[in-house]
Amino acid sequence: MKRTAVAASAVALLLPLSACGGSAEAGSGSTVTVTVGYQSKTINTVTAGTLLRSLGSFEKQLDSLHDGHTYKVDWQDYATGAPITAQMTAGKIDIGSMGDFPLLLNAARGKQLGRPTRLVSVTGYNLRGGLNTVVTAPDSKLTTLKDLTGKKVSTSIGSAADGTLVRALQRAGVDPDKGISKLNQQPAVGASALSSGGVDALSQFVAWPGLLAYQGKVKALYDGAELNLPTFHGVTAREDFAQRHPAVLEAFLKAQAEATDYLNTHPVAAAEKVAKATGLPAEVVYLYNGAHGIATFDPAVKPQLVSALKQDVSVLKAAKLTGDIDVDSFVDDQYVKKALGASYTRRLAAGPAPAAGEVWPKGSEKTVSFKSPNDLLTYVAAHQGGIRAAYVPDATTGTLWFADKGVWVADGDRLLPFVAPSTAQAYVSAHGGARTVSYRQALEHAS
């Protein structure tokens, strides 16, 4: 079917804007204002945005410079990366954070307008692509991506979620241009359209799939981790700003590292802080940003993430959203290397925490980890009414999901969780005697 929403709105990102107002660095006398664009509800950027701001780490780092300047930080919150890019190329935002596909559009537009930007660090990442999910209505009969043929699907064109949708459909043998009717919508609009029956499925990025699942408004149709391609969010800075104020950028990156360490050391407290600042349920924040969450946080610019960024260019080119992008010239890790010093090598080699299930008991400031789904379910069954949230990793992809929202399979005495029905069915088909069971049946089996 023909697309109902063309990519014109995303292409518009690459067209020049008329600059208005003053510079983001403007200040009288010795006062310098640093403008940071972030996305509070895109919670895989919290170490460069929401959490960083709540901890006051950047301001503290700036105060320690003692270079004769007084610094002020202007935090600007946006729903997506596109307006951050627009403001950066207009000289109004100095440092911004966004997902991998928007980062590439940022690179392309900056070059086109003669205001180049650089990728200077990473926030949250998932090496398999689990940050993006395709969801459908709870009562939907759709079970595979092939079932989307001829259906209406909402996504944000030019986003990582759109990239996941395109790649996943291609692997499923469905033409992403002609096989579905794609609507280009903001996440909140797409969520409303799915609830009202205006679309059949929604492909979006963190934290929308987890939030809607937690609220009982959707169920997962496709786990982006099935692609086994890294996806991430990162920090970009205007090249001219970085060159004029390298110490300020390094202060930001030191503060980001502090926020990252805080999140990794105090995952529950960090989730509560982000929840308070964004209005998102802490249980949803923890799904992505917890100790074994879907996202891993580290500012190091890992080679596998740069490699994935290069592969993303082809998707944007095919959608006519951009031309060639020189990823190697866009990536500039000199500032984060200097900011982190000797710890950079260690961070570069670090990886995600091993997959594990977790239970967040009511009234507790800590979660309880479990080695097996059976053990987790046994605990949950014995503490009915005392559980704030229970999380389990998909048996195939490792993507963490809410235990009561997943698809469960019983294979003899083993109970195995899956995010989406297609991966569960694939396991059942490959293991004689295995069968899908309801969450209630799984609890009864474990108790």
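# A first look at the rings, strands and loops

Eleven aromatic pairs turn up in this structure; rings of Phe, Tyr and Trp (its six-membered ring) pair if their centres lie within 6.5 Å, with planes under 30 degrees apart called stacked, over 60 edge-to-face and the rest tilted. This is a predicted model, where local features need pLDDT of at least 70 and side-chain atom pairs count only at pLDDT 80 or more, while totals for chains, interfaces and linings use all residues. Residues are numbered from 1 along each chain as its sequence is written, and side-chain values use heavy atoms, with hydrogens and water left out.

**Aromatic rings**

- A pair of aromatic rings is described by the distance of the centres and the angle of the planes.
- Take Tyr 214 and Phe 402: they make a tilted pair, 5.5 Å centre to centre with 40 degrees between the planes.
- Tyr 214 sits in helix H8 (residues 208-214) and Phe 402 in strand S15 (residues 400-402), so this pair ties together parts 188 residues apart in sequence. Helices (H or I, at least four residues) and strands (E, at least two) are DSSP runs, numbered from the N terminus.
- Tyr 214 is partly exposed at 31% relative accessibility, whereas Phe 402 is buried at 3%. Buried means under 20% relative accessible area, exposed means over 50%, and partly exposed is in between (1.4 Å probe, protein chains only).
- Phe 402 also forms a tilted pair with Tyr 391, at 5.5 Å centre to centre and 35 degrees between the planes. Here Tyr 391 comes from strand S14 (residues 387-393) and Phe 402 from strand S15, eleven residues apart.
- Both Tyr 391 and Phe 402 are buried.
- Zoom out and you get one aromatic cluster formed by Tyr 214, Tyr 286, Trp 360, Tyr 391, Trp 401 and Phe 402.
- Arg 388 lies over the face of Trp 360, 4.1 Å from the ring centre. A charge sits over a ring if NZ of Lys or CZ of Arg is within 6 Å of the ring centre and within 35 degrees of the ring normal.

**A three-stranded open sheet**

- Strands of a sheet pair through backbone hydrogen bonds, either parallel or antiparallel.
- In this one, three strands run in the order S17-S16-S18 with antiparallel pairing. Two strands pair if DSSP finds at least two bridges between them.
- Strand S17 (414-418) and strand S18 (435-437) are the edge strands, each pairing on one side only.
- From one strand to the next, the twist averages 35 degrees.
- Strand S16 (residues 407-411) is joined to S17 by five bridges, and Val 407 has Phe 418 in S17 as its bridge partner.
- Helix H17 (residues 373-382) lies across S16 and S17, at about 90 degrees to S17. Axes are lines fitted to C-alpha atoms, for helices over the stretch in contact (heavy atoms within 4.5 Å), and angles run from 0 to 180 degrees between N-to-C directions.

- All five of the five residues of strand S5 (residues 132-136) are buried, so S5 is largely enclosed by the rest of the structure.
- In a regular strand the side chains alternate between the two faces of the sheet.
- In S5, Asn 132, Val 134 and Thr 136 point one way and Thr 133 and Val 135 the other.
- S5 runs antiparallel to strand S8 (residues 201-205), joined by five bridges; Val 134 is partnered there by Ser 203.
- S5 is also antiparallel to strand S9 (residues 219-223), joined by four bridges; Thr 136 is partnered there by Lys 219.

**Two crossing helices**

- Helix H5 (residues 100-112) and helix H6 (residues 160-171) pack at about 110 degrees, with their axes 6 Å apart.
- H5 and H6 are therefore roughly perpendicular (65 to 115 degrees; under 35 is roughly parallel, over 145 roughly antiparallel and the rest oblique).
- At the meeting place, Asp 100, Phe 101 and Pro 102 in H5 meet Ala 160, Gly 163 and Arg 167 in H6.

- Most residues other than glycine have a negative phi, and most peptide bonds are trans.
- The peptide bond from Val 206 to Ala 207 is cis, with omega near 10 degrees, and Ala 207 is in the loop between S8 and H8.
- His 66 has a positive phi, near 50 degrees, in the loop between helix H3 (57-63) and strand S2 (70-77). His 66 is exposed, with a relative accessible area of 70%.
- Lys 320 has a positive phi of about 60 degrees and belongs to the loop between helix H13 (303-318) and helix H14 (327-330). Lys 320 is exposed too, at 66% relative accessible area.
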